[in-house]
Amino acid sequence: MRTLYDFPGGIHPPENKRQSSETPIRIANLPERLIIPLQQHIGAPARTRVSEGDRVLKGDVLGDTEGAFSVPVHAPTSGHIERIGPHAVPHPSGLDDWCVTLIPDGKDHWGACHPLPESDQQDPDRLLAHIHKAGIAGLGGAGFPTGIKLRPPETDSIRTVILNAAECEPYITADDRLIRDRAAEVVSGLQIVRRILNPEQCLIGIEDNKPDAIQALESAVDGTGIEVVVIPTRYPSGGEKQLIQVLTGEEVPHGGIPADIGVLCQNVGTAAAIHRAVYHGEPLIQRITTLTGDALCEPGNVETLIGTPIRHLLDSAGFDEARAGDVLMGGPMMGFSLPDLAMPVVKTTNCLLAGSPEELPPPPPPQPCIRCGYCADACPMELLPQQLFWFAQSGENDKAEQHNLFDCIECGACSWVCPSQIPLVQYYRSTKGEIREQREEQIRADRARERFEARQARLEREQAEKEAKRQARKEAAAKARQTPPASKAAPERSAAASETVAAPSEAPDIETLEKQLLKAQAKRNNMRNMLDDARKRGADNVDKLEKAVAKNDDRVDAAQKALEKARSGLTETGGATE
Amino acid sequence: MWMSILIAVGALVLLAMVFGALLGYASERFRVEGNPLVDQIDALLPQTQCGQCGFPGCRPYAQSIVDGDAINKCPPGGESTIQALADLLDVEPQPLDAEHGEEHPRRVAVIREDECIGCTKCIQACPVDAILGAARHMHTVIESECTGCDLCVDPCPVDCIDMVELATDIHSWRWDRPDASPMTGQVIASDRSTEARA
């Protein structure tokens with residue numbers, strides 16, 4: 001028997017799991033249209049690889065990875081693409097995001113389906129690439145790209161792999177049911193993870209309120225060296241950090257990830273998805289979702305295609321809209337209410353809770369905090385919820401951050417125990433959002449400053465260059481003015497016979513003038529060639545070049561005139577002296 | 001007697017010389033270029049470089065604040081910047097000086113591209129080089145770099161630049177702060193009867 005550790009705090013809310021856990025997984029029927037969001041994971045949204053009107057087969061790539069931190073999205077069935085555009089997606093904001101709308105043709109034809117060849121099944125890199133290509137993101141709720149998670153920073157740094165089967169949140173039974181019905185798939189997926197990471201130990205953590213699932217797992221892991229660890233039921237033992245603490249006694253450091261202490265946690269559903277991707281070549285196009293709540297006649301778990309409209313799924317379970325209050329995605333503790341039932345099921349939809357108003361009453365009006373401290377006792381992260389609440393309420397974001405607001409896992413235990421019904425988690429979420437926004441603003445401001453300074457430096461440099469050129473011209477002019485003694489020497493010499501010094505000191509030197517003329521002519525010819533060239537090519541700068549040629553023509557004329565004038569002046573002076 | 005006084009004075013002079021040399025060396029070795037307070041203030045300013053404060057950029061305004069100017073002349077930063085400056089300088093926060101403009105939500109410039117004649121005037125006006133284009137070719141604003149400073153709007157001879165407020169999308173959305181109003185003025189349940197009587 002393994003020693004179990006403990007995590008602080010935690011609560012025992014009513015479980016409400018039996019409504020949905022006692023019937024086997026049903027297969028949801030095909031809806032009229034599927035709406036597949038291009039972002040169902042943490043990271044960059046996928047980039048569409050199809051266009052409107054295209055026909056696709058089941059498993060075809062609809063959106064491919066954009067950048068390293070992204071996962072592809074696949075067609076859940078065969079059909080044609082009706083539309084690519086914004087559609088409401090299940091997100092607490094209720095805002096739209098880019099989605100591909102697919103009209104199924106009902107044939108459910110598979111496209112190319114590539115299981116990983118047996119020769120590659122031992123190679124961690126091939127396995128990782130395959131998992132990534134199958135579009136697998138964490139199915140537990142956060143949707144972290146699995147292909148990235150399984151590639152820890154240093155090789156062999158993962159000592160413990162934990163499969164999270166705790167499923168501590170009330171009402172949700174998707175993992176429980178998946179284990180009961182398909183334990184072999186789950187264990188096989190975990191074995192693939194073990195092959196990739198080669199850890200010292202492989203554990204499955206499961207709460208003791210799922211005896212059937214425990215039994216199923218125990219028979220499935222027989223002889224694999226994987227250990228099923230039964231932990232006491234207490235919310236939120238299924239939180240990644242809490243489960244790690246219960247099983248290993250170690251705490252994930254502040255701001256760190258489990259890999260920092262050599263642990264990696266995977267969800268049961270993700271493991272099953274890995275199994276299907278590797279052995280059957282199926283990308284992640286379906287998942288198990290719990291349908292539960294008093295407003296449903298037939299609660300249970302369904303295997304549904306990603307993109308199925310939520311209303312369609314609820315209707316299939318006998319949704320009684322008259323009896324329904326809010327419909328939540330996720331459980332009653334951490335879920336959020338859906339403003340629109342046309343939203344689709346996504347990779348992270350583990351539960352749809354359609355409760356009656358009596359079952360999920362609207363929150364009572366909050367009362368003043370009486371500083372009872374229950375929240376601090378319940379907090380599994382050993383934070384000071386009351387203190388954080390004061391800071392959040394008064395907008396003292398930096399103090400909230402100092403009190404480790406970002407360690408809050410938003411489990412809702414503090415709100416649940418609060419006798420004043422203060423929506424504590426909402427305060428923390430909004431404060432976290434504000435702090436993140438401030439950080440982004442800071443980054444933007446820094447970048448703007450950099451650009452401003454770079455521009456300033458560039459302008460100064462240009463100014464300095466101009467100044468230097470002007471200075472150089474000025475100097476050249478001054479030199480030219482001083483050279484007349486030399487240029488005077490020439491006419492002196494030429495007119496030596498007549499012994500004249502009559503040449504004016506300003507008279508330009510003929511040699512320089514000739515040089516200028518030659519230069520101007522060369523430039524003009526050059527310009528003319530460019531103009532001819534541009535005309536031939538039909539470039540759009542012809543008129544500009546024409547102007548330039550005309551300008552150069554003028555310049556040549558002026559130079560010629562100046563030269564002639566200088567020559568005639570010379571002859572005149574020469575003539576006069578003769 | 002005199003001897004001991006001399007020794008004491010000598011020792012003190014020696015010490016003074018040693019520490020003086022040390023301090024002199026340190027002040028040369030660890031010299032701080034410029035005023036660090038200007039940097040700190042500049043870091044709090046929003047870097048729109050819009051000049052609404054009356055200075056040609058954020059840094060000159062930061063310098064001016066150090067020299068004793070008011071801290072409430074920055075409309076893009078708004079109340080939060082004033083608060084941060086007040087905290088840094090340990091002065092009373094003042095309301096935003098309306099003379100310099102109002103606080104807006106974040107905006108970006110958008111060029112109506114089919115109307116642009118390619119005069120490059122906006123490019124020259126942009127303090128952060130966020131406008132892309134060449135003479136007689138269409139220009140466009142790089143949205144991610146635009147600080148929403150407004151400076152490109154006036155120079156445009158055909159008025160084809162709009163300042164557009166950025167709509168919240170699913171990536172920039174964040175949770176609202178819960179409405180605190182129901183709580184104010186309320187008393188705990190056990191005191192409610194006394195409150196009602198009073």
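H13(A) gives the most, with 3 residues. The second largest pocket holds about 1,400 Å³ of space. Its lining counts 38 residues, and those closest to its centre are Pro332(A), Met333(A), Pro361(A), Pro362(A) and Pro363(A). Sorted by class, the lining has 24 nonpolar, 8 polar and 6 charged residues. Do keep in mind, as you look around, that this is a predicted model.

Rolling a probe the size of a water molecule over the atoms shows where empty space is left. How many cavities of 30 Å³ or more does a search of the whole structure find? There are 6 of them. The largest cavity contains about 220 Å³ of space. Its lining is made of 19 residues, with Gly269(A), Ala273(A), Arg276(A), Gln286(A) and Arg287(A) lying nearest the centre. In chain A, the elements that give two or more residues to this lining are helix H4 (174–197), helix H7 (268–280) and strand S13 (286–292). The most comes from H4(A), with 5 residues. By class, the lining of the largest cavity has 9 nonpolar, 3 polar and 7 charged residues.

Now let us move over to chain B and follow one of its helices. Helix H4 (residues 78–89) of chain B has 12 residues and reaches 17 Å from its first C-alpha to its last, close to the 16 Å expected at 1.5 Å a residue. Which residues of H4(B) are buried? They are Gly78(B), Thr81(B), Ile82(B), Leu85(B) and Ala86(B). Seen down the axis of H4(B), these buried residues fall within an arc of 135 degrees, so they line one face of the helix. An α-helix has 3.6 residues a turn, so residues three or four places apart point the same way. On the other side of H4(B), Ser80(B) and Asp87(B) are exposed.

Finally, a word on confidence. Chain B averages a pLDDT of 86, and 90% of the residues score at least 70. Among the elements of chain B, helix H1 (residues 2–29) has the highest mean pLDDT, 95, while helix H6 (residues 192–197) has the lowest, 55. Where pLDDT is low, the predicted coordinates should not be read in detail. For the complex, the predictor gives an ipTM of 0.79 and a pTM of 0.77.

Methods
Residues are numbered from 1 along each chain as its sequence is written. Chains are lettered from A and ligands numbered from 1 in the order in which they are written. This is a predicted model: local features need pLDDT of at least 70, side-chain atom pairs count only at pLDDT 80 or more; totals for chains, interfaces and linings use all residues. Side-chain values use heavy atoms; hydrogens and water are left out. On a 1 Å grid over the protein atoms alone, a cavity is a set of points where a 1.4 Å probe fits but cannot get out, and a pocket is an open set with protein on both sides within 12 Å along at least five of seven lines; lining residues have an atom within 4 Å of a point. Grid points are joined across faces, edges and corners, and a volume is the space filled by probe spheres set on the points. Helices (H or I, at least four residues) and strands (E, at least two) are DSSP runs, numbered from the N terminus. Ala, Val, Leu, Ile, Met, Phe, Trp, Tyr, Cys and Pro count as nonpolar, Asp, Glu, Lys and Arg as charged, and the others, Gly among them, as polar. pLDDT is the predictor's confidence in each residue, from 0 to 100. The expected span of a helix is 1.5 Å times one less than its number of residues. Buried means under 20% relative accessible area, exposed over 50%, partly exposed in between (1.4 Å probe, protein chains only). The arc is that of the directions from the helix axis to the C-beta atoms.
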